[in-house]
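Please study the sequence and the structure before turning to the solutions.

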Amino acid sequence: MCVAGDAGSLMELKKAAVSAEWELTPGAMNEADAVGQIDAERPHILVVFGSFERLVALAAERFPGMRIVADRDTPGATEVATSLDEVRGLVKGSPRPGGPIAEPDRARSALDQ
């Protein structure tokens, strides 16, 4: 989920974060809308560009497993993107929920050893 201060910035942030590998929520431009979407959508990653320190702290407190990418060093953020160009890499570098999926035959043979 992406959060930015205005429509143009949100569009640019979503373009920087989008990938065929994951789905984006509509995104938000203020704290109230962001909290509502977090509660409804339960995103695994929150990408925040702008002055949203309270939102980052709230998300980190309520959802300790959520990865939070921010554009500044903010308490609760797990990654800092210094530019839009870094966003996709930081999101893509995130571990998937539940860890890697092993092929059943390989997992079984590893247990048998």
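**Exercise 1.** Determine which residues of helix α2 are buried and where they lie on the helix.

*Solution.* Step 1: the buried residues of α2 are A34, V35, Q37 and I38; buried means under 20% relative accessible area, exposed over 50%, and partly exposed in between, with a 1.4 Å probe and protein chains only. Step 2: viewed down the axis of α2, these buried residues fall within an arc of 165 degrees, so they line one face of the helix. The arc is taken over the directions from the helix axis to the C-beta atoms. Step 3: the exposed residues A32 and A40 sit on the face of α2 turned away from its buried side. Step 4: the cover over the buried residues of α2 includes β1, β2 and α3. Contact here means heavy atoms within 4.5 Å.

The model is predicted: local features need pLDDT of at least 70, side-chain atom pairs count only at pLDDT 80 or more, and totals for chains, interfaces and linings use all residues. Residues are numbered from 1 along each chain as its sequence is written, and side-chain values use heavy atoms, with hydrogens and water left out.

**Exercise 2.** Repeat the analysis for helix α4.

*Solution.* Step 1: in α4, residues 84–92, the buried residues are V87, L90 and V91. Step 2: seen down the axis of α4, they fall within an arc of 95 degrees and so line one face of the helix. Step 3: among the elements that cover them are α1 (7–17), β2, β3 (67–70) and β4 (79–80).

**Exercise 3.** List the elements of the protein and describe its sheet.

*Solution.* Step 1: the protein has five helices and four strands. Helices (H or I, at least four residues) and strands (E, at least two) are DSSP runs, numbered from the N terminus. Step 2: from the N terminus on, the elements run β-α-α-β-α-β-β-α-α. Step 3: four strands form an open sheet in the order β1-β2-β3-β4, with parallel pairing; strands pair if DSSP finds at least two bridges between them. The edge strands, each pairing on one side only, are β1 (2–4) and β4. Step 4: β1 and β2 run parallel and are joined by three bridges. Step 5: α1 lies across β1 and β2, at about 150 degrees to β1. Such angles run from 0 to 180 degrees between N-to-C directions, the axes being lines fitted to C-alpha atoms, for helices over the stretch in contact.

**Exercise 4.** Describe the surroundings of A4.

*Solution.* Step 1: A4 is found in strand β1 and, at 0% relative accessibility, counts as buried. Step 2: its bridge partner in β2 is F49. The C-alpha atoms of A4 and F49 are separated by 5.0 Å, although the two residues are 45 residues apart along the chain. Step 3: leaving aside neighbours within four places in sequence, A4 is in contact with S9, L10, L13, A28, M29, F49 and F52.

**Exercise 5.** State how confident the prediction is.

*Solution.* Step 1: pLDDT is the predictor's confidence in each residue, from 0 to 100. The mean pLDDT of the protein is 84, and 82% of its residues reach 70 or more. Step 2: over residues 95–113 the pLDDT is below 50, and this stretch has four contacts in the model beyond near neighbours in sequence.
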